[in-house]
Amino acid sequence: MIDRLIMIVFGIEYLGFGLLGLIDPSAAASLVGFTLNELIAYSEIRANYGFFCFIGLLSFATLFIKKLLSLTYLIYTFMCGSYLIGRIVSIFVDGLPNKILWIVILAELVVFLIALWRYRKTRDLLT
């Protein structure tokens, strides 16, 4: 039951953000405080947000295909973990983040910790 709830929340969150970035890359970029001024920048936003769409859809797929659950948690763990590594490096190189970036870091940390916790539980159930 808890996995269904987590996957629904993750699915809504990542599919929603993913669609925003695919449909309106400028709006997605403005959420994190930058503007797009080159064609490649639009492509980069759409590529990254396309991945968010994929992981959101994968979250919903786990509601019907239970074998995907552990893999989906593992993908969230790697994705958010890699973002957290980049954010930590940025803190040391660029200085302390502003309030908005702290919120983003916190959100990524929460998803990472939940995904890691549930991955360990679901992996154990499959073995």
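Predicted model: local features only at pLDDT ≥ 70, side-chain atom pairs only at ≥ 80, totals over all residues.
The expected span of a helix is 1.5 Å times one less than its number of residues.

**Entry 1: helix H1**

I started at helix H1, which runs over residues 2–23 and has 22 residues. From its first C-alpha to its last I get 31 Å, close to the 32 Å expected.

Next I wanted to know which residues of H1 are buried. My list reads Asp 3, Ile 6, Met 7, Phe 10, Gly 11, Tyr 14, Leu 15, Gly 18 and Gly 21. They cover an arc of only 140° around the axis, so they sit on the same side of H1. I then turned to the face pointing away from that buried side, and there I found the exposed residues Leu 5, Ile 12 and Ile 23.

**Entry 2: the largest nonpolar core**

Which residues touch the most other members of the largest nonpolar core? Among its 26 residues, I noted Met 7, Tyr 14, Tyr 73 and Tyr 76. I also looked up which elements give two or more residues to this core: H1, helix H2 (25–31), helix H3 (39–61), H4 and helix H5 (99–126). H4 provides the largest share, seven residues.

**Entry 3: Thr 77**

My last stop was Thr 77, a residue of helix H4 (residues 69–94). Is Thr 77 buried or exposed? Its relative accessible area is 10%, so Thr 77 counts as buried, the limit for that being under 20%.

I checked what the side chain of Thr 77 reaches, and found the backbone oxygen of Tyr 73 at 2.8 Å. A polar atom of the Thr 77 side chain also lies 3.4 Å from the backbone nitrogen of Leu 116.

Leu 116 turned up again in my contact list: not counting residues up to four places away in sequence, Thr 77 touches Phe 112, Ala 115 and Leu 116. I finished with Leu 109, 32 residues from Thr 77 along the chain, where the two C-alpha atoms are separated by 9.7 Å.

Technical notes:
Residues numbered from 1 in each chain as written. Heavy atoms only, no water. Helix = DSSP H or I, 4+ residues; strand = E, 2+ residues; numbered from the N terminus. Buried < 20%, exposed > 50% of the residue type's maximum accessible area, 1.4 Å probe, protein only. Arc of directions from axis to C-beta. Polar contact = N/O pair within 3.5 Å; in protein donor to acceptor, adjacent residues only side chain to side chain. Contact = heavy atoms within 4.5 Å. Core = buried A, V, L, I, M, F, W, Y, C linked by side-chain atoms within 4.5 Å.
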